[in-house]
Amino acid sequence: MVSASDLESALDRVRAEAAGPDAGVFGPDTVTWQLDREAVIFLGAGRALLLQLAHPWVAAAIAEHSKTLTDPIGRFHRTFDIIFAMVFGSLDRALLSSRRLHRRHSMIVGAMPETVGPFAAGSRYCANDIPSLRWVHATLVETALMAHDLVLPPLPAEARERYWIESRTFGALFGLTADDLPADWTGFADYTAAMVQSETLTVSPAAREIATQIFAGARPWLRPPRWYRALTARMLPEQLRVGFGFELDERDKRAADNALRWIRRVYPKLPDRLRYVGPYQEAQARLRGEPRPDWMTRCLNRAWIGRPRMDVGGKG
């Protein structure tokens, strides 16, 4: 378990290695900024969520404690607000979001309602459990790179290695220590492959129900388009795609192929103001000494994090 004192020890390391008070934890010269500024990473959001749901403890926690089904847009905003604040926020804002996430997770405890894979009915789960945090962290890191490489030139090996080293710092914001995470990209790839092959990832009825509600559309006006559902399914490992009950017919495959072909042609030509996410643009303005984001950045922030500014909020 990651205790409050464990988190503070991890944050001491983050603070010591941070780019600076205004640049935040990572800063503009990092691979993390290069990847996470791209709006195209949204292509992987569905995959990351499904991979997290494939962990029975995570699925049970979401089913019993989350507003995913009643407030999917709110969950989207809350998730990206936390992630972008950690990546693009000032140092104070990143540490604040880390502590808030830990406090929120400390309230997410419960018991498995049924046996799923190696997890027996009645066994306890907690969102600050280290193996669960490690898996959630892994889904975010791996999927961001996968979505980037679907559309843009793949990162070279050296940049990918730097990305993983930086991702270990990102893990520290969850309270994970250096001993909790693989030392290099090869070790990380081995970990994710082992997880996919293990019984730990087992699609529970709760996970399947949440996925069905989100991707089939409990509310028709919120239903993801066919091409996005198909692309998300194709990005999953085969056994998990089967576990979630995703079936891809030829129409689905054509929709995904056509959408990806169009995105690859158009996306690299977009102006930076449309291509890069609002929190990145706010961070760049902060580094230029501009205290308030302009109107376009505020509009983009509303789309990504549900509010006009990232670097505001109470103490915590």
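Colleague: In which helix is G46 found?
Modeller: This is a predicted model: local features need pLDDT of at least 70, side-chain atom pairs count only at pLDDT 80 or more, and totals for chains, interfaces and linings use all residues. Residues are numbered from 1 along each chain as its sequence is written, and side-chain values use heavy atoms, with hydrogens and water left out. Helices (H or I, at least four residues) and strands (E, at least two) are DSSP runs, numbered from the N terminus. G46 is found in residues 45-53, helix α3.

Colleague: Is G46 buried or exposed?
Modeller: Buried means under 20% relative accessible area, exposed over 50%, and partly exposed in between, with a 1.4 Å probe and protein chains only. G46 has a relative accessible area of 6%, so G46 is buried.

Colleague: Which residues are in contact with G46, leaving aside its neighbours within four places in sequence?
Modeller: Contact means heavy atoms within 4.5 Å. With neighbours within four places in sequence left aside, G46 is in contact with F215, Y228 and T232.

Colleague: How are α1 and α6 oriented to each other?
Modeller: Axes are lines fitted to C-alpha atoms, for helices over the stretch in contact, and angles run from 0 to 180 degrees between N-to-C directions. Angles under 35 degrees count as roughly parallel, over 145 as roughly antiparallel, 65 to 115 as roughly perpendicular and the rest as oblique. The axes of α1 (residues 4-17) and α6 (residues 91-106) come within 11 Å and cross at roughly 160°. The two helices are therefore roughly antiparallel.

Colleague: How do the residues of the contact of α1 with α6 divide by class?
Modeller: A4, L7, E8, L11, V14 and R15 of α1 meet L91, L95, S98, R99 and H102 of α6. Ala, Val, Leu, Ile, Met, Phe, Trp, Tyr, Cys and Pro count as nonpolar, Asp, Glu, Lys and Arg as charged, and the others, Gly among them, as polar. The contact divides into 6 nonpolar, 2 polar and 3 charged.

Colleague: What is the handedness of the crossing of α5 and α6?
Modeller: The axes of α5 (residues 72-88) and α6 come within 7 Å and cross at roughly 140°. That makes α5 oblique to α6. A crossing is left-handed if the near helix is turned anticlockwise from the far one by less than a right angle, and right-handed if clockwise. α5 passes α6 in a crossing that is left-handed.

Colleague: How are α7 and α9 oriented to each other?
Modeller: The axes of α7 and α9 (residues 185-197) come within 11 Å and cross at roughly 110°. The pair is therefore roughly perpendicular.

Colleague: How do the residues of the contact of α7 with α9 divide?
Modeller: From α7 come P131, R134, W135, A138, V141, E142 and L145, and from α9 come W185, F188, Y191, T192 and M195. They divide into 9 nonpolar, 1 polar and 2 charged.

Colleague: Is M107 buried or exposed?
Modeller: M107 sits in the loop between α6 and β1 (109-111). Its C-alpha atom is separated by 31 Å from that of W33, 74 residues apart along the chain. The relative accessible area of M107 is 63%, so M107 is exposed.
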